[in-house]
Amino acid sequence: MDNPVLVEVTRGGRVESRHRGTVAVVDASGATVFGSGDPEAPVYPRSAIKVFQALPLVETGAANRFGFGNRELALACASHSGEEGHVALAADILVRAGLGEPNLECGCHWPSSGTVARQMARNGVEPTQLHNNCSGKHSGFLCTAVHEGEATESYVQPRHVVQDRIRRTMEDVMALRLDPDEAGVDGCSIPTYAVPVRAMAHGFARLVGETGVERSRAQAGRRLIEACMAEPWYMAGTGRADVSLMEAAPGRVFVKAGAEGVYCGAVPELGLGFALKIDDGAGRASEAAAAATLSRIFRDRDAALAERFAEHSRETLRNWRKIEVGDVHAVA
């Protein structure tokens, strides 16, 4: 059976495009609160579960040793836009561990912020690995390795001790087994494992609900999630959906986008986690669906907040002359 349509795009009063997908909202016990589509089909989470990957940074004591606060921890969970503040903080994190940009193995790309990329090009500035949207996460990996006295070379390889520790952590949080021999390769060169959408949602629910994982692990997860909620700009960037959704309910909602139409999140006060995947990988659809999911979560609990998220699930489309031509909206 095909997944249902979660998001529609209109033009001139007609539906021009449809985006199918699956969504799951789960509590800490693993019970599905509501969902749609097939949440058991494995998908690559991509960057949506960076909180899980950052857990060892806190659990090993590396974050405390290097004096990391909310901004540093948010950047360790980030898919940032490559803006000046992101790049400078990633560089500072590495310096604290006695390392530098050459130690990164995430690769180099132009900032995802078009404004920043154009300014750099005008000034003749070439991007470095610090501009990679995952440089904060990778800096966290390296700090953990230094703290543990481990080799930093080839830390992106599936069987390196850094990735092995992350894999075992994700197995525990999502309550499943992951095989390094079956891993894909993410855009930043670390392993990425195909997992059910429901398992991602359950993992976030277990962390914020402090159920099903050791208390110290849940506390580490809450610390990272709270850091992201406190400093959403460092986890994303100017004008990003992650920022606008978390700022719609400060300190109450955590969200994280992933490539190819994945979105995850948590509502700590309710002990709920959610995850979704848009089949065709469209980011515009995943953002609308994430907002609609949050609206549904709060529908019977906080009507004003539910409406605020419902507004985020609708985007007016305008042409180059700023004429309204249609919209992107989530469907029931």
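Start with helix 1 and helix 6: helix 1 passes helix 6 in a left-handed crossing (left-handed if the near helix is turned anticlockwise from the far one by less than a right angle, right-handed if clockwise). Before you go on, note that this is a predicted model, where local features need pLDDT of at least 70 and side-chain atom pairs pLDDT 80 or more, while totals for chains, interfaces and linings use all residues. Residues are numbered from 1 along each chain as its sequence is written, and side-chain values use heavy atoms, with hydrogens and water left out.

Select residues 50-59 for helix 1 and 135-148 for helix 6; their axes come within 8 Å and cross at roughly 25 degrees. The two are therefore roughly parallel (angles under 35 degrees). Show side chains for the contact (heavy atoms within 4.5 Å): Lys 50, Gln 53, Pro 56 and Leu 57 on helix 1, against Lys 137, Gly 140, Phe 141, Cys 143 and Thr 144 on helix 6.

Among the residues meeting here are Phe 52 and Leu 55 of helix 1 and Ile 166 and Met 170 of helix 7.

Last stop: Thr 22, in strand 2 (residues 14-27). Is Thr 22 buried or exposed? Thr 22 is buried, with a relative accessible area of 3% (buried means under 20%, exposed over 50%, with a 1.4 Å probe and protein chains only). Now pick Ser 36: its backbone oxygen lies 2.7 Å from a polar atom of the Thr 22 side chain.

Definitions and conventions: Axes are lines fitted to C-alpha atoms, for helices over the stretch in contact, and angles run from 0 to 180 degrees between N-to-C directions. Helices (H or I, at least four residues) and strands (E, at least two) are DSSP runs, numbered from the N terminus. Angles under 35 degrees count as roughly parallel, over 145 as roughly antiparallel, 65 to 115 as roughly perpendicular and the rest as oblique. A polar contact is a pair of N or O atoms within 3.5 Å; within protein, one must be able to donate a hydrogen and the other to accept it, and residues adjacent in sequence count only if both atoms are side-chain atoms.
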